[in-house]
Amino acid sequence: GLDKLNYLWYNVIMKNNTNMTKDEMKKAFVFDFDDTLATTCCMVRVVRKIDRKLNSEDGQTKLPVEKLTPAEYNDHDLGFNCEYDFSEFRSKHFIRNANPTFLMALAQEVHDEGHSVFILTARSDDVAAAIISFLAGFSVKPVGVHCVGSDTEKVDIAAEKGKVLKTIQEMHDVVYFYDDSKENCDLAKNVSGVKVYLV
């Protein structure tokens, strides 16, 4: 994947790899949030559906079958009669206390240069405002925060991200996409005009 030393290729390659001038080239930089632009302590809980039903009937909290990091969730196969609990990912507290990764420096740099910065995350819309607030602490104002996840079911995140990337690409000359999921990156490579970097 892309490490914190190799991200410097932006300065030595990307800026010079075009026949257009800086003012003519319209660039977009699209970052996944979790484990790409920031890290949090959020976990996805896997719970049995019957336990969820019992919760509503007896008010007791049932222990999850397992807890997944965002990276583990990317490749997880949901077991029989189980469902995901994304409650931690709807909490603004975890985002307020997030830690930026090395890519935050790149986001700041390209933002200061006047390029478009987008966030494209598997989280749901509940936390869009919290992400914007978090980025403001680093003087980065994104053009948009696209949340393609669902609180109630596991959607095809890679496909949904691909759709958003296609829309962004239609408005820019070139799009640079950063994500920690190989599946998301592999599908994004099918979108013409998008340069993909696995973190």
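I count two strands as paired if DSSP finds at least two bridges between them. Helices (H or I, at least four residues) and strands (E, at least two) are DSSP runs, numbered from the N terminus.

**Entry: ground rules.** The model is predicted, so to speak from the record: local features need pLDDT of at least 70, side-chain atom pairs count only at pLDDT 80 or more, and totals for chains, interfaces and linings use all residues. Residues are numbered from 1 along each chain as its sequence is written, and side-chain values use heavy atoms, with hydrogens and water left out.

**Entry: the whole chain.** I looked up the tally and got eight helices and 10 strands for the protein chain. Of its 199 residues, 45% are buried (under 20% relative accessible area, with exposed over 50% and partly exposed in between; 1.4 Å probe, protein chains only). I then looked up the accessible surface, by the Shrake-Rupley method with a 1.4 Å probe. It comes to about 10,600 Å², and carbon and sulfur atoms hold 50% of that. Next came contacts, meaning heavy atoms within 4.5 Å. Taking those between residues at least 6 apart in sequence, 71% join residues at least 24 apart.

**Entry: the three-strand sheet.** This one is open, ordered β4-β3-β5, and its pairing is antiparallel. β4 (66–68) and β5 (82–85) are the edges, each with a single partner strand, so one side of each has no neighbour in the sheet. From one strand to the next, the twist averages 30° (axes are lines fitted to C-alpha atoms, for helices over the stretch in contact, and angles run from 0 to 180 degrees between N-to-C directions). I followed β3 (residues 44–48) and found four bridges to β5, in the antiparallel sense. Which residue of β5 is the bridge partner of arginine 45? I found aspartate 85 there.

**Entry: the five-strand sheet.** Here I read the order β8-β7-β1-β9-β10, open again, with parallel pairing. β8 (144–147) and β10 (194–198) are the edge strands, and each pairs on one side only. The twist averages 20° from one strand to the next. Inside the sheet, β1 (residues 27–31) and β9 (residues 174–179) run parallel, joined by five bridges. I noted phenylalanine 31 standing opposite tyrosine 178 in β9.

**Entry: helices on that sheet.** Helix α7 (residues 157–169) packs on the sheet and touches β1, β7, β8, β9 and β10. Its direction makes about 155° with that of β9. I also checked helix α5 (residues 103–112), which lies across β1, β7 (116–121) and β9. Helix α5 runs at about 155° to β1.
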